[in-house]
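Please read them with the structure open.

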2 protein chains.
Amino acid sequence: MIYFDNAATTFPKPQGVYDAVLNTMKDYGANPGRSGHKLALEAGRSIFFAREKVSKLFNIENPMQIIFTGNATESLNLAIKGILSKGDHVITSSMEHNSVLRPIKALEKIGVESTIIQCGEDGCLNPENIRNAIRENTKLIVLTHASNVTGTIMPIKEVGKIAKDQGVLFLVDAAQTAGVYEIDVVKDNIDLLALPGHKGLLGPQGTGILYIKEGLNVKHFKEGGTGSKSEELFQPEMLPDRYESGTPNTPGIAGVAAGVDFILNEGMDNIRKHEELLTGYFIEELSKMEKVKIYGPKDSTKQASVVSINIGNEDSSEIAYILDKVYNIAVRSGLHCAPMAHKTIGTFEQGTVRFSIGYFNTRNEIDEAINAIKDICSQI
Amino acid sequence: MIYFDNAATTFPKPQGVYDAVLNTMKDYGANPGRSGHKLALEAGRSIFFAREKVSKLFNIENPMQIIFTGNATESLNLAIKGILSKGDHVITSSMEHNSVLRPIKALEKIGVESTIIQCGEDGCLNPENIRNAIRENTKLIVLTHASNVTGTIMPIKEVGKIAKDQGVLFLVDAAQTAGVYEIDVVKDNIDLLALPGHKGLLGPQGTGILYIKEGLNVKHFKEGGTGSKSEELFQPEMLPDRYESGTPNTPGIAGVAAGVDFILNEGMDNIRKHEELLTGYFIEELSKMEKVKIYGPKDSTKQASVVSINIGNEDSSEIAYILDKVYNIAVRSGLHCAPMAHKTIGTFEQGTVRFSIGYFNTRNEIDEAINAIKDICSQI
C-alpha cells in the first residue's frame, strides 16, 4: 500500500513515536497530576516535557499556555466559541475546513455575525479583503495556514499584521502545516493556534493542541477534576488546568513529544524540502497529462504537500476506488469536509482526488502514482 | 512499585491492550470514516467493533448510541450540559466527583437548579431522598455508581426505577465500576451512561464513552468534520457523528476493545470476585489496627475496591509520601477531586489515603501494604 493520505493523518509514524506510546503505557501508565507517587510524577513530567517541546517549535514562551485536546477540531471549537459571544463579528475564508465553518455557523444561531472571504479559484486569499471586512465589532479572524483541499498556503504573516494593527484576535488552523512549515506565534502575531498532534507533528491519533496567548480570556466548556484546587466546586482559572479536565491522554501526548523530537532531529527545513521536492515533481508530471486537471497554485512553494486532481469528468470517488483496488494507492476523494473550498475551486459536484504527501513518501512512490494515473487516463 | 491507584487509572493493562494500540498505529494507522481506501476502512472497522464490544458489555442494543470521547469527564459534561437547560432541575449526591459537581455548579449560572442529596457518613445514599427531591421541573438525576473516595456502591437499580416512574432521565457515572460490576442499561433504566475507557475497561488513557439512549436529544458542543454529509455547513444529526467531530483516537479505541475482550475472556464475575476478596482481606486486616480509621461501608460487598483510611491525625499526603518513598507503594492522598464526598465523611481537612485495588493486584501486595501500614503506625 502506498499511502498518500497524510493530510488526514500521517502514516507511518517515526519508530520513536511508537516506542513513546508503548513505554508510557507500560512503564509509567499512571494518572498524571493527581497522585504524588513516582509513577504519577513521571507521567506528569512526560506531559510537561511535551508542553515544552511543542512550545519550542512555535516560539511559545510559556509552556503552560499549551492546552492538550483530543484533536484539532476540539482546539478550534474551544478557540472559536471561547472567544466569540453574541454581537461579535468573525472573519474567515471560503477555503476553511468544516471544523472552522461549522462552529461559526452554529454561533450564528446565538447572534454571532460572520463574513466569509471569497478566495480565488486556486484557493488564494487576498489579505486586503480581510482588512476591508473588519468592522467595529470584529473580534476574531480565523484562517487556515494551508487548505486541506488544494494545499494553498495562506498569507498568515500579512493577515497577522492586519489583525494586530486593527486590534482583532487571530486564530490560525495549522492542521496542514504544523511540523513542516515554520510558524512563530510572536513574529506571526498569532493569538490562538490550533494543531493536530497526529498530522505533521507525527504523533498518534487522539491528540490535539491549542495555544492560547497569555492574558486572553477564553471561555472553557468542560469542568471536572483537574488535580488542582480539588476543594473547590468551581473550575480553577489557571492554565492549563482550566481547559484540561479529567484524565489526559498521557501516552498520546508522550507520542506527540516524540514526534516533535523526530522533527527537531531531522530538521523541519529538511522535512519541508523533501515534501516540496516530491510535490513539485508530482505536479510537473501531472501537468503533462491532458486528461488531468490539477487544482490549487500548482507550485510547490505556494502549497503544502496536498495535490487535488480530477481525471476528465470521472467521479472522484470512482478514481480513488480504482487507485486503491487496482494500484494499492491510498488517496482521499470527495469533499474532504471542506464544501466551501470545493465551491471555491469549482468541484462541489465532482469532488477531487486528493494526494497528500508525507515525509516518509519516496520518489518511487510518486512514480508509481504517476504511472497509475497515466494508466487510468489511457483507459477512459 | 506496588500500584494501588487503580481508581485513577488501572495499571498495568493487559498485554492485548498494548498490542492493540501498537498494531493499530503500525498496521492501519489511517483516519477512519473519511477516505475509502483499505487502511481507512480497516481503521473504521476497528472502531465499529469497539462500539459493538462496549455495547455488549452494558446490554446496549444499538452500537451507534455509543459515543467515544476523550475521558469520562468529557462524557459527563456532554450528558449533563446536553440535557439540562435554563429552568431545569437536576438531582445528584454529595458523594459525586468534581466531574459531576463542577458542570452542575457551572450550569447554575445559566439558571439550572440543583439539589445535592446528603449521603451518610459511610457514603451511603437513601434512594427515597432522591424520590422526595423530585420536582415538577426535575429533568435529570446524576449518580455515581460507586464513590471514588470510599468505594460505596450506590443503589442505581432503585434510583433507576424511581427515575423511570417519575419520568426523569437517569445518568450514571460508572467511572469506578465499569468493567467490574454488572451494569445493564435496560434493566437498570439508565438513559445516559458515562464511562472511562482507561479504568475498569482496561484500555489506554485518552478514552471515554458516553451511551445515549435512542431518541434522546442531547445537545452537542463541538462541530467539525465528521466524514459524513461533508457538503453541509451544519453538524449532521445522526449518531455517533453528531458528537464525534474530527479525527478519533483510533489506537486508543482499539485498546478499549482489547480491554473489553480481556474482561469477557476472564469473566467479569471472576474479576469482581478477585477484587472483592482482596478488598475484604485488606479491610479485615486494617480493622485490627487501632490507629487506623477506615472510611466507607467497610464491607467488600457494599463497596468497590477502593479503601480510604487515615492513620491517627497524620496528614494524608504525608502518609502517602512515606508509602511511596519508603515502601514503594503507590496510593493517592488528599481530596481525590471530590470535596463534597470528603465533607460527607468528615475528612475535608485531613483528606484520606486511598488504596484502590485492581485485578492485577495480588494478596502478597496487600500483605506488603498491611505490613507497611503497621510499620508506620508503630512509628507515630
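1. Terms and provenance. Buried means under 20% relative accessible area, exposed means over 50%, and partly exposed lies in between (1.4 Å probe, protein chains only). This is a predicted model, in which local features need pLDDT of at least 70, side-chain atom pairs count only at pLDDT 80 or more, and totals for chains, interfaces and linings use all residues. Residues are numbered from 1 along each chain as its sequence is written, chains are lettered from A and ligands numbered from 1 in the order in which they are written, and side-chain values use heavy atoms, with hydrogens and water left out.

2. Asn148(B). Asn148(B) counts as buried because its relative accessible area is 7%. Its place is in the loop between strand S5 (138-144) and H6 of chain B. Helices (H or I, at least four residues) and strands (E, at least two) are DSSP runs, numbered from the N terminus. Which residues does Asn148(B) touch, not counting residues up to four places away in sequence? They are His97(B), Gln176(B), Val306(B), His336(B), Ala338(B) and Arg354(B). Contact here means heavy atoms within 4.5 Å.

3. Relation of the chains. Chain A superposes on chain B by a rotation of 180° with 0.0 Å of shift along the axis, at an RMSD of 0.0 Å. That is the relation of a two-fold axis. In chain A, Gly70(A) has the C-alpha nearest the axis, 3.0 Å from it. Both copies use the same surface: 100% of the contact residues of chain A recur in chain B. The superposition is by least squares on the C-alpha atoms of residues with pLDDT of at least 70 in both copies.

4. Salt bridges overall. Over all chains, the structure holds 39 salt bridges. The criterion is a side-chain nitrogen of Lys or Arg within 4 Å of a carboxyl oxygen of Asp or Glu. One network of salt bridges links Glu74(A), Lys222(A), Glu74(B) and Lys222(B).

5. Arg354(A) and Asp5(A). These two form a salt bridge, with the closest N and O atoms 3.3 Å apart. The pair links distant parts of the chain, 349 residues apart. Arg354(A) is in strand S12 (residues 353-356) of chain A, and Asp5(A) is in the loop between strand S1 (2-3) and helix H1 (15-28) of chain A. Both Arg354(A) and Asp5(A) are buried.

6. Lys157(B) and Asp188(B). Their side chains meet in a salt bridge at 2.8 Å, N to O. This pair also links distant parts of the chain, 31 residues apart. Lys157(B) is in helix H6 (residues 156-166) of chain B, while Asp188(B) is in the loop between strand S6 (169-173) and strand S7 (192-196) of chain B. Are the two partners buried or exposed? Lys157(B) counts as exposed because its relative accessibility is 51%. Asp188(B), at 1%, is buried.

7. Glu237(B) and Arg242(B). Here the closest N and O atoms of the salt bridge are 3.6 Å apart. Glu237(B) has 55% relative accessibility, so it counts as exposed. Arg242(B) has 8%, so it counts as buried.

8. Helix H8 of chain B. H8 (residues 268-287) has 20 residues and reaches 28 Å from its first C-alpha to its last, close to the 28 Å expected at 1.5 Å a residue. The expected span is 1.5 Å times one less than the number of residues. Buried residues of H8(B) include Met268(B), Ile271(B), Arg272(B), Glu275(B), Leu278(B) and Phe282(B). An α-helix has 3.6 residues a turn, so residues three or four places apart point the same way. The buried residues of H8(B) pack against helix H2 (38-57), helix H7 (250-266), strand S9 (292-294), strand S10 (306-311), strand S12 (353-356) and helix H11 (363-379) of chain B.

9. Backbone points to check. Most residues other than glycine have a negative phi, and most peptide bonds are trans. The bond from Phe11(A) to Pro12(A) is cis, with omega near -5°. Pro12(A) is in the loop between S1 and H1 of chain A. In chain B, a cis peptide bond joins Phe11(B) and Pro12(B), with omega about -5°. Lys229(A) has a positive phi, near 45°, and counts as partly exposed at 42% relative accessibility. Asn59(B) has a positive phi near 55° and is in the loop between H2 and strand S2 (66-69) of chain B.
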